[in-house]
Amino acid sequence: MDSALTPDRFVARTVTATAKIVVAGAFGVGKTTFVGSVSEVPPVHMEETITRASALVDDLARTPAKSTTTVGVDFGRKHLSDDLVLYLFGTPGQARFSFLWQELIIGALGALVLVDPRDLDASHEILGLLEENGVPYAVAVNQFDGAPRHPLEEVHEALALEGHTPLTVCDARERASCMQALIQLTEYLARLAHRLEPRP
């Protein structure tokens with residue numbers, strides 16, 4: 001890594017490519033934790049305390065200890081290699097913020113969709129939005145403590161994923177696990193880009 005990073009220089013001099021990656025998923029699936037785990041800079045979180053009114057709307061059954069929720073965007077940065085930097089944008093999970101999802105996917109090279117093994121159906125809305133807008137994505141099952149461990153083949157079928165869509169498991173609290181999911185996504189995006197290159 002270039003050690004010449006300064007307050008007015010935010011990426012290494014060797015960087016030749018940057019990519020906007022959206023980290024998406026349903027409410028309480030671990031997006032904020034994921035961005036915080038991998039970001040090499042202090043992540044930006046736009047969170048607010050869950051109020052009594054929102055607790056009546058948002059399903060806290062699986063996350064009773066959750067006291068805040070993203071109401072804007074999470075942001076982080078990660079040098080994936082000497083020449084590639086990922087800018088990570090985490091979305092809020094509630095459908096009432098879907099107007100933000102639409103804004104955040106503009107210009108995104110791809111998306112990593114976190115899913116909750118306790119409620120796979122909650123992921124269909126964001127998966128549908130990405131597909132409607134032609135944003136390629138990979139899926140990572142966030143392994144919450146005590147959550148069921150579904151075989152990936154069953155998750156693939158339950159989410160009705162295309163055969164080529166990458167699917168893995170991760171623990172949003174563990175950096176190495178999150179990095180593996182990001183690497184899988186970027187390798188997938190590279191294969192797609194290679195496929196789209198004009199042939200001589």
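Author: Buried means under 20% relative accessible area, exposed means over 50%, and partly exposed covers what lies in between, taken with a 1.4 Å probe and protein chains only. The model is predicted, so local features need pLDDT of at least 70 and side-chain atom pairs count only at pLDDT 80 or more, while totals for chains, interfaces and linings use all residues. Residues are numbered from 1 along each chain as its sequence is written, and side-chain values use heavy atoms, with hydrogens and water left out.

Reader: Why is Val38 called buried?

Author: Its relative accessible area is 1%. The limit is under 20%, so Val38 counts as buried. The residue sits in helix 1 (residues 31–38); helices are DSSP runs of H or I with at least four residues, strands are runs of E with at least two, and both are numbered from the N terminus.

Reader: What does Val38 touch, leaving out residues up to four places away in sequence?

Author: A contact means heavy atoms within 4.5 Å. By that rule Val38 touches Arg77, Lys78, Leu88, Arg175, Cys178, Met179 and Leu182. Leu182 is 144 residues away from Val38 along the chain, yet their C-alpha atoms are separated by 9.4 Å.

Reader: What makes Phe75 and Tyr87 a stacked pair?

Author: Rings of Phe, Tyr and Trp (its six-membered ring) pair if their centres lie within 6.5 Å; planes under 30 degrees apart count as stacked, over 60 as edge-to-face and the rest as tilted. The centres of Phe75 and Tyr87 are 6.1 Å apart and their planes stand at 15°, so the pair meets both conditions and is stacked. Phe75 is in strand 4 (residues 74–79) and Tyr87 in strand 5 (residues 84–90), 12 residues apart.

Reader: Why is the pair of Phe75 and Phe89 called edge-to-face?

Author: The ring centres of Phe75 and Phe89 are 5.1 Å apart and the planes stand at 65°, which is over 60, so the pair is edge-to-face. Phe75 belongs to strand 4 and Phe89 to strand 5, so this pair ties together parts 14 residues apart in sequence. The structure holds 2 aromatic pairs, and Phe75, Tyr87 and Phe89 form one aromatic cluster.

Reader: Why do Phe75 and Tyr87 count as partly exposed?

Author: Phe75 has a relative accessible area of 26% and Tyr87 has 25%. Each value lies between 20% and 50%, so both residues are partly exposed.

Reader: How do you know that strand 6 is mostly covered?

Author: In strand 6 (residues 110–115), 6 of its 6 residues are buried. Gly110, Leu112 and Leu114 point one way, Ala111, Val113 and Val115 point the other way, and all are buried.

Reader: Which strands pair with strand 6?

Author: Strands pair if DSSP finds at least two bridges between them. Strand 1 (residues 17–25) pairs with strand 6 in the parallel sense over 5 bridges, and Val22 has Ala111 as its bridge partner there. Strand 7 (residues 137–142) also pairs with strand 6 in the parallel sense over 5 bridges; Leu114 has Ala140 as its bridge partner in strand 7. Both pairings have at least two bridges, so they qualify.

Reader: What makes a β-α-β unit right-handed, and which elements form the one with strand 6?

Author: With the strands pointing away from the viewer, the path from the first strand over the helix to the second must run clockwise. Strand 6, helix 4 (residues 124–132) and strand 7 make such a right-handed unit. Asp119 is in the loop between strand 6 and helix 4, and is partly exposed at a relative accessible area of 23%.

Reader: How many helices and strands are there in the protein?

Author: There are 6 helices and 8 strands. Of the 200 residues, 48% count as buried.
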